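Here is a short briefing for a reader new to this structure. Look at the sequence and the model first, then read on.

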Amino acid sequence: MTDTPLPPLRIEHVDAEAMHDWADLLEDANPIHLDPAAVRALGLGDAVINQGPRNIAVVLNAISQALPTAELTGFSARLLGNVHAGDALLVEGLHRTDGATITCSARLQADGRGTVMTLEAHLRAEPGQGKEMP
Amino acid sequence: MIQTPPPPPDIAGTPLPGGFYTISPVANAMVCRTSGGKPRDDGSAHPIFALIATQVGLKLSVAELLALCDFDIADGPMMAGCEVRFSRALRIGETYSVSGLIERLERKSSQRLGLMDLFVHRLDLADLQGAHVASTTNTWVLPREKRP
């Protein structure tokens, strides 16, 4: 078994406008995603904070693009810091295949603030394996 | 004198009201477009819908969910992590039933955030025949002190 690097995925600029779309989608009116004044009042910085699920989606995209035929069976994510509007993001990581199972360890980095999330994903190398037959 | 907030309510084991969620192609396209991805052409939805569908399909807004913890959404809750398991891929256009349970609400202290509560809840998605599709156990941080 050898570790294979994930092709890096870069997001040049986290868009604040999309946070409104995600707030609507998630039905989550948490003001830290919508109002810079609320972020400042809480001592969390000056720019609105990206939704955690959107950060996770970025990392899952990097994994999906690296392993397009594998089937995701689970993942765990630890959010270690905030991603703010305007941040540049980079996803890096490694994956390892053991039989039909692929384990992928990835991290999301925000410019100037280091690693803001780690994620471990488990995938099935051959989709459909292990499913019950009718 | 510094006032200590009251202890969190004892709500571990409380079931959450259930509901339904259907993944729309428009929502799936928005999620992909705004996260550096693109929709798959096999009808499967972005896996992040395990979090979205459970949160929205619960039929309890985030503010209402946090109110169970005696926490005001205006005080800046933050997601700390999640563990997601899939029995199979989520599909665009498919409707799922959602159920959930509060696992724990614990007072903690952190150097960065000060006094806070960790709120852990589990949410499940099943298809309309009742077969399990996905589960997530979410951990949120609820700050109990204003930061300077």
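How many residues of chain B are in contact with chain A? The count is 38 residues of chain B, which are in contact with 40 residues of chain A; contact means heavy atoms within 4.5 Å. This is a predicted model, in which local features need pLDDT of at least 70 and side-chain atom pairs count only at pLDDT 80 or more, while totals for chains, interfaces and linings use all residues. Residues are numbered from 1 along each chain as its sequence is written, chains are lettered from A and ligands numbered from 1 in the order in which they are written, and side-chain values use heavy atoms, with hydrogens and water left out.

**Chain B overall**
- Chain B has three helices and five strands; helices (H or I, at least four residues) and strands (E, at least two) are DSSP runs, numbered from the N terminus.
- Their order from the N terminus is β-α-α-α-β-β-β-β.
- The C-alpha trace of chain B spans about 60 × 35 × 20 Å along its principal axes.
- Of its 148 residues, 49% count as buried; buried means under 20% relative accessible area, with a 1.4 Å probe and protein chains only.
- Among contacts in chain B with a separation of 6 or more, 70% join residues 24 or more positions apart.

**The interface**
- The size of an interface is often given as the accessible area lost when the parts come together.
- Between chain B and chain A, about 3,100 Å² is buried, summed over both parts and computed with a 1.4 Å probe.
- Carbon and sulfur atoms give 60% of that buried area.

**Helix H1 of chain B**
- Helix H1 of chain B covers residues 25–33.
- Its buried residues are Ala27(B), Asn28(B), Met30(B), Val31(B) and Cys32(B).
- Their cover includes helix H1 (16–26) and helix H3 (52–66) of chain A, together with helix H2 (49–57) of chain B.

**Leu79(A)**
- Leu79(A) lies in strand E3 (residues 71–79) of chain A.
- Leu79(A) is buried, with a relative accessible area of 15%.
- Leaving aside residues up to four places away in sequence, Leu79(A) touches Gly52(A), Ile56(A), Val116(A) and Met117(A), as well as Met79(B), Ala80(B) and Gly81(B).
- Leu79(A) and Ala66(A) are 13 residues apart in sequence and 22 Å apart in space, C-alpha to C-alpha.

Key. Buried means under 20% relative accessible area, exposed over 50%, partly exposed in between (1.4 Å probe, protein chains only). Buried area is the accessible area (1.4 Å probe) that two parts lose on being put together, summed over both.
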